[in-house]
Amino acid sequence: MYCYHCGKQINEEKLEAKRSSFEIATDAESSEDINVQYVCPRCGHLIHKNHTEEDNKSLARAAHAQVQRANNKFASGMGNVAIGVILLALSIIFLLLSMKASTGFQINFKCSEFYVAAVLGAISVILLGLGLVFVITGKFNKKQYENLLKDLNNNTFIQ
């Protein structure tokens, strides 16, 4: 299920596993009379199964906003990857500079070039890791919400 207001996807199975909504609605006489509604954990609006045209429009607006957020996350991830690759190259250069002629071109662990290489290497690994996570989640979210928009445009969306 998707929230009509903010576009957050909600997993019904996880919510129903905690406590069934049919147990909560004890005053209903039959299962057909029960209107299952959930509260969005992000924005607090009610989510229901039967949606109107206004709900579809609101969900389309929220999906467009989510696509933009996914694009921003992808772009920041690619920036982190680019900076991480540059710092990794600098780290390799400083590691090569730490090989002194006085030690027989072996890595000198007590020189400042080695410490710079270690710090730059650690920062580059962190940036590459975060960047790849942002790139993957950004692409996944963009594809998910573009498919939702396609379903909304084709009137094949079922909540």
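Me: Which are Tyr-2 and Tyr-145, buried or exposed?

Reply: Both Tyr-2 and Tyr-145 are buried, and buried stands for under 20% relative accessible area. Keep in mind that this is a predicted model.

Me: What makes Tyr-2 and Tyr-145 an aromatic pair, and why is it called edge-to-face?

Reply: The ring centres are 5.9 Å apart, and the cut-off is within 6.5 Å, so they pair. The planes sit at 65°; over 60 degrees counts as edge-to-face, so that's the label. The count of aromatic pairs comes to 3.

Me: What makes Lys-139 count as lying over the face of Phe-74?

Reply: Lys-139 is 5.5 Å from the ring centre of Phe-74. The limit is within 6 Å, along with an angle within 35 degrees of the ring normal, and Lys-139 does lie over the face.

Me: How do you know that α4 reaches close to its expected span?

Reply: From first C-alpha to last, the 42 residues of α4 reach 60 Å, close to the 62 Å expected at 1.5 Å a residue.

Me: Why is Asn-155 called exposed?

Reply: Its relative accessible area is 63%, and exposed means over 50%, so Asn-155 qualifies. Asn-155 sits in the segment after α4 and has a positive phi of about 55° although it is not a glycine.

Methods. Residues are numbered from 1 along each chain as its sequence is written. This is a predicted model: local features need pLDDT of at least 70, side-chain atom pairs count only at pLDDT 80 or more; totals for chains, interfaces and linings use all residues. Side-chain values use heavy atoms; hydrogens and water are left out. Rings of Phe, Tyr and Trp (its six-membered ring) pair if their centres lie within 6.5 Å; planes under 30 degrees apart count as stacked, over 60 as edge-to-face and the rest as tilted. Buried means under 20% relative accessible area, exposed over 50%, partly exposed in between (1.4 Å probe, protein chains only). Helices (H or I, at least four residues) and strands (E, at least two) are DSSP runs, numbered from the N terminus. The expected span of a helix is 1.5 Å times one less than its number of residues.
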